[in-house]
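Me: I have a model here and would like to know what stands behind the labels. Could you take me through them?

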2 protein chains.
Amino acid sequence: MPPEADKKTATDDLDVRLVRTARDETGPADAPDSTSEQPRADVGPLSRMIGYALRRAQLAVFDEVIANFAEIDLRPAQFSVLVLLNHRPGLKQSDVAAALGIQRANFVVLFDGLERRGLARRTPAPNDRRSYALFLTDAGKAMLGRASELEAKHEARLDALLGEGGRERLLELLERVAKLR
Amino acid sequence: MPPEADKKTATDDLDVRLVRTARDETGPADAPDSTSEQPRADVGPLSRMIGYALRRAQLAVFDEVIANFAEIDLRPAQFSVLVLLNHRPGLKQSDVAAALGIQRANFVVLFDGLERRGLARRTPAPNDRRSYALFLTDAGKAMLGRASELEAKHEARLDALLGEGGRERLLELLERVAKLR
DNA sequence: TTATTTTGTAGTCAGCAATAACAATTATGA
DNA sequence: TCATAATTGTTATTGCTGACTACAAAATAA
């Protein structure tokens with residue numbers, strides 16, 4: 001089984017692909033796997049490295065956010081655009097991209113998705129025919145409202161984990177680290 | 001000069017507003033940040049969200065790590081494998097993948113790269129013909145040595161940013177967050 | 001033995017970031 | 001004023017990474 005292997009690709013027709021919606025499980029009876037708590041494998045020196053710890057934490061948080069937003073089909077990056085545009089309407093693409101740390105080239109596709117779904121729109125900028133002023137549509141604002149509710153619950157859960165003053169301390173430390181850039 | 005100029009729904013004139021960045025914010029209000037590196041654009045509510053802050057910090061750290069490791073052509077994920085294998089030689093693929101939070105399917109390609117470069121090797125597992133026991137080669141240990149030096153400098157730089165006790169507090173908080181998983 | 005689980009693989013797909021190259025538009029400066 | 005440089009939005013490409021499906025071989029449970 002390891003190496004070797006025969007070609008045998010072919011067969012690839014059905015493509016069911018279920019969307020994995022967090023929550024719920026094998027409902028009735030049983031549930032053999034007791035409340036699992038990960039053993040947290042020993043990774044040695046890695047556990048002392050900031051980068052490694054950051055990555056693990058970030059993936060954990062994003063996993064949950066993505067699962068939470070699955071029902072409204074919104075990605076974290078899209079959410080951040082909605083929040084920013086609601087906070088500062090009329091920014092142009094370069095501004096939003098820069099504020100979020102996204103390459104302006106990549107932002108185009110990201111925003112196309114929002115516009116295609118009618119959540120945001122491009123408007124000709126008043127003084128510069130090269131650029132657009134970006135705004136949320138009413139649908140976008142409604143979407144942001146729902147997303148914010150989900151987000152609030154998520155943040156509350158994090159606060160429970162972080163404990164008293166944990167959020168403040170964490171945000172402060174993360175901001176320092178981000179200064180590296 | 002945007003592409004088509006089709007949009008332009010007749011009745012659309014309102015909304016000229018000048019957009020002023022509401023500067024509520026916590027902390028020392030304005031202060032035309034003197035010697036700060038970046039203007040740190042105002043992203044509003046985003047700056048209070050753990051996920052956003054985590055992502056920014058993680059990207060900043062990885063950017064630097066990737067740049068530091070560029071000269072030895074090593075990716076963070078590869079580095080983590082070297083560290084783990086040096087710490088616990090003989091693990092099988094499933095173990096390493098699980099410990100690092102990588103899908104075992106994806107780990108195959110990752111390890112192939114290390115093996116191809118002669119940094120690590122697969123050895124038939126003693127009691128299980130299905131699996132391999134993984135080890136670093138001498139070249140792999142040498143590579144890990146150089147990488148560790150670069151990593152140490154990086155961590156030192158982070159410590160300078162984090163200040164006294166900063167690392168401990170940050171690691172502790174990140175570990176709690178990672179518990180989400 | 002038979003059924004189930006584990007392990008390693010291959011392949012596909014999606015998200016996201018970095019880059020290069022362009023055309024239209026502004027800004028600059030001599 | 002006009003040639004040149006810088007901006008802005010765009011397209012396309014590449015690479016890393018993570019998630020999933022499907023498989024075959026081997027180990028384990030029933």
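Reply: Happy to. Let me start with a pair inside chain B: Arg122(B) and Asp112(B) form a salt bridge, with their closest N and O atoms 3.0 Å apart. Please keep in mind that this is a predicted model, where local features need pLDDT of at least 70, side-chain atom pairs count only at pLDDT 80 or more, and totals for chains, interfaces and linings use all residues. Residues are numbered from 1 along each chain as its sequence is written, chains are lettered from A and ligands numbered from 1 in the order in which they are written, and side-chain values use heavy atoms, with hydrogens and water left out.

Me: What makes Arg122(B) count as buried or exposed?

Reply: Buried means under 20% relative accessible area, exposed over 50%, and partly exposed in between (1.4 Å probe, protein chains only). Arg122(B) has 18% relative accessibility, so it counts as buried. Asp112(B), at 27%, is partly exposed.

Me: Which parts does the pair of Arg122(B) and Asp112(B) tie together?

Reply: Arg122(B) lies in strand 1 (residues 120-124) of chain B and Asp112(B) in helix 4 (residues 104-116) of chain B, so parts ten residues apart in sequence are tied together. Helices (H or I, at least four residues) and strands (E, at least two) are DSSP runs, numbered from the N terminus.

Me: How do you know that Glu168(A) and Arg48(B) join two chains?

Reply: Glu168(A) sits in helix 6 of chain A and Arg48(B) in the segment before helix 1 (50-69) of chain B, so their pair joins two chains. The N to O distance in this salt bridge is 2.6 Å. Glu168(A) is partly exposed at 44%, and Arg48(B) is partly exposed at 31%.

Me: What makes Arg130(A) exposed?

Reply: Its relative accessibility is 65%, so the value falls on the exposed side of the cut-off. Arg130(A) also forms a salt bridge with Asp128(A), at 2.8 Å between the closest N and O atoms.

Note on methods. A salt bridge is a side-chain nitrogen of Lys or Arg within 4 Å of a carboxyl oxygen of Asp or Glu.
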